[in-house]
Amino acid sequence: MIAVIDYGMGNLRSVQKALEYVGQKTIVTSDISEIEKADKIVLPGVGAFGDAINTIREKGFDKAIYEGVKKDKPFLGICLGMQMVFDKSYEYGEYEGLKLIPGEIKLLPDNVKKPHIGWNSLNIKMRSPLFDNLGENPYVYFVHSYYLETDAPVVSATTDYGKEIQVAVQKDNIFALQFHPEKSGDVGLEILKNFGGL
């Protein structure tokens, strides 16, 4: 069972539908006991970092996430859910993230249109089980104005948008994607199927 954490922000149903389409039993829940019982955890998200991380702490979802990660359950952060995995974000202020992986979330460079909306190809940097069977030069769908900067050896893919930006990471059982696999056609479904098969 995959638990998709419902903290009131994000495209929860489309993530759930995409996971179910590739054969994964999935529940969208704000019940901490359901999250704790699940085999895998997905943290999606669309919106502002500060509101999201504050809600996650207020509702105790952060503790459920830490506990799940500690027990080696596969964890997937999507879009804003990816950004919250890191140390801090500078979106409309400065906010502490979940600090599961070192890194900071910053505004996209001045020379590009914000938000970054649309299809871009992935530059695969590290073998990741999420990227099995994707073929050459896979395209995925993005909607974001902020992006990751990390020096940690965790970056599994980048894309080119004004400059090379880091858009996928993996550290042990933690996976995070800046793009939306649930909106990325067959490539995204394959990524979600790979996550479900971990």
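The lining of the largest pocket divides into 7 nonpolar, 6 polar and 2 charged residues (nonpolar: Ala, Val, Leu, Ile, Met, Phe, Trp, Tyr, Cys and Pro; charged: Asp, Glu, Lys and Arg; polar: the others, Gly among them). The structure is a predicted model, in which local features need pLDDT of at least 70 and side-chain atom pairs count only at pLDDT 80 or more, while totals for chains, interfaces and linings use all residues. Residues are numbered from 1 along each chain as its sequence is written, and side-chain values use heavy atoms, without hydrogens and water.

A pocket is an open set of points on a 1 Å grid over the protein atoms alone where a 1.4 Å probe fits, with protein on both sides within 12 Å along at least five of seven lines; lining residues have an atom within 4 Å of a point. Of the 15 lining residues, Gly47, Glu91, Val143, His144 and Ser145 lie nearest the centre of the largest pocket. Helix H5 (80-83) and strand S10 (139-144) each supply at least two lining residues (helices are DSSP runs of H or I, at least four residues, and strands of E, at least two).

The structure holds 8 salt bridges, each a side-chain nitrogen of Lys or Arg within 4 Å of a carboxyl oxygen of Asp or Glu. Among them, Glu94 pairs with Lys88, with the closest N and O atoms 2.9 Å apart. In the salt bridge between Glu149 and Lys163, the corresponding separation is 3.5 Å. Glu149 lies in strand S11 (residues 146-149) and Lys163 in the loop between strands S12 (155-160) and S13 (164-171), so the pair ties together parts 14 residues apart in sequence. Glu104, Lys106, Glu149 and Lys163 are linked in a network of salt bridges.
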